[in-house]
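Visitor: I'd like to go through this model with you, piece by piece. Could you start with how the elements are named?

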Amino acid sequence: MDNAKTRVRSKEELISREKGLIDIIDILEKNRIYYFLQAGVVLGARRDNYFIKWDWDVEIGIFEKDFIKNYNLIRDELLKKEFKIYHEIYGRDGKINVFRDFDEKSTIFELLSWKPNLFKTKYCRWHINIPAKFFKTNHTVNFLNRKFNCPGPVDDYLKYQYGEDWRVPKVSSDKKEYLTKDFFNKNFSTELWRKIIKKLNI
């Protein structure tokens with residue numbers, strides 16, 4: 001376990017995290033870009049009614065078509081809000097990782113692109129996936145005195161990602177210790193499609 005990564009953040013760092021999340025969501029909502037909170041930020045909001053204080057990132061999902069279409073707009077708006085780019089990928093499995101106020105070891109805000117698999121039964125990126133059923137209707141989680149989009153029903157989504165005992169806090173930087181095999185698993189059809197595209201040089 002990486003103890004530096006899972007250290008409890010200070011009050012000042014967490015207040016900065018609050019403001020950072022709200023500024024990012026305001027950018028997306030202002031520009032009518034559908035987003036969903038995911039992973040630890042949803043777990044913290046539902047279980048603790050706050051961030052997980054030892055978590056190191058805030059993950060925000062965007063469907064790939066919207067991510068690619070609005071990539072430059074999102075990037076420019078983040079820079080206007082004085083976020084600093086830590087890492088970015090344009091295109092498949094795209095992301096824009098940013099930080100602000102403190103260094104990248106305090107909080108990374110990850111804007112992540114999600115693509116449907118061939119049969120549109122799951123949304124995938126790299127070795128993780130979320131079933132499409134969690135997006136059939138709009139769900140929200142109450143957090144920081146407002147509502148945020150997220151996969152749902154929320155408890156069912158958290159059970160899928162973290163298991164039956166998702167309400168039990170686990171302090172670890174090893175994803176295999178707290179993510180389920182269903183969530184933390186390469187999607188075969190997506191991987192096959194990537195290999196075909198690469199071979200055909202599309």
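Guide: Helices here are DSSP runs of H or I with at least four residues, strands are runs of E with at least two, and both are numbered from the N terminus. Please keep in mind that this is a predicted model.

Visitor: Okay, what follows α2?

Guide: Directly after α2 comes asparagine 49, which has a positive phi near 60 degrees. Asparagine 49 belongs to the loop between α2 and β2, and the positive value occurs there although the residue is not a glycine.

Visitor: Is asparagine 49 buried or exposed?

Guide: Asparagine 49 has a relative accessibility of 54%, and therefore counts as exposed, the cut-off being over 50%.

Visitor: And the helix itself, how many residues of α2 are buried?

Guide: Seven of the eight residues of α2 are buried, so the helix is described as mostly covered, where buried stands for under 20% relative accessible area. The buried ones are Gly40, Val41, Val42, Leu43, Gly44, Ala45 and Arg47.

Visitor: What covers them?

Guide: The cover over the buried residues of α2 includes the helices α1 (11-30) and α5, together with the strands β1 (36-38), β2, β8 and β9 (146-150).

Visitor: Speaking of peptide bonds, which residues does a cis bond join?

Guide: Glycine 152 and proline 153 are joined by a cis peptide bond, with omega about 0 degrees. Proline 153 is placed in the loop between β9 and α5.

Visitor: Switching to aromatics: how many ring pairs do you count?

Guide: The count is 18 aromatic pairs, taking ring centres within 6.5 Å as the criterion. In one of them, phenylalanine 134 and tyrosine 160 have ring centres 5.9 Å apart and planes at 55 degrees, so this pair is tilted.

Visitor: Where do phenylalanine 134 and tyrosine 160 lie?

Guide: Phenylalanine 134 is in the loop between β7 (128-131) and β8 (139-143), while tyrosine 160 is in helix α5 (residues 154-162), so the pair ties together parts 26 residues apart in sequence. Both phenylalanine 134 and tyrosine 160 are buried.

Visitor: Which residues do ring pairs link into a cluster?

Guide: There is a cluster in which ring pairs link Tyr34, Phe36, Phe63, Trp114, Tyr123 and Phe135.

Visitor: What about charges over rings, say for arginine 17 and arginine 100?

Guide: Arginine 17 has its charged end over the ring of phenylalanine 51, at 5.5 Å from the ring centre. For arginine 100, the charged end sits over the ring of phenylalanine 83, and here the distance to the centre is 4.3 Å.

Visitor: Last topic, the largest pocket: how much space lies in it?

Guide: The largest pocket holds about 880 Å³ of space. Its lining has 40 residues, with Trp56, Asp57, Glu59, Lys175 and Tyr178 lying nearest its centre.

Visitor: And what is the lining made of, by element and by residue class?

Guide: At least two lining residues come from each of α2 (40-47), β2 (57-63), β4, β5 and α5. By class, the lining of the largest pocket divides into 18 nonpolar, seven polar and 15 charged residues.

Notes: Residues are numbered from 1 along each chain as its sequence is written. This is a predicted model: local features need pLDDT of at least 70, side-chain atom pairs count only at pLDDT 80 or more; totals for chains, interfaces and linings use all residues. Side-chain values use heavy atoms; hydrogens and water are left out. Rings of Phe, Tyr and Trp (its six-membered ring) pair if their centres lie within 6.5 Å; planes under 30 degrees apart count as stacked, over 60 as edge-to-face and the rest as tilted. Buried means under 20% relative accessible area, exposed over 50%, partly exposed in between (1.4 Å probe, protein chains only). A charge sits over a ring if NZ of Lys or CZ of Arg is within 6 Å of the ring centre and within 35 degrees of the ring normal. On a 1 Å grid over the protein atoms alone, a cavity is a set of points where a 1.4 Å probe fits but cannot get out, and a pocket is an open set with protein on both sides within 12 Å along at least five of seven lines; lining residues have an atom within 4 Å of a point. Grid points are joined across faces, edges and corners, and a volume is the space filled by probe spheres set on the points. Ala, Val, Leu, Ile, Met, Phe, Trp, Tyr, Cys and Pro count as nonpolar, Asp, Glu, Lys and Arg as charged, and the others, Gly among them, as polar. Contact means heavy atoms within 4.5 Å.
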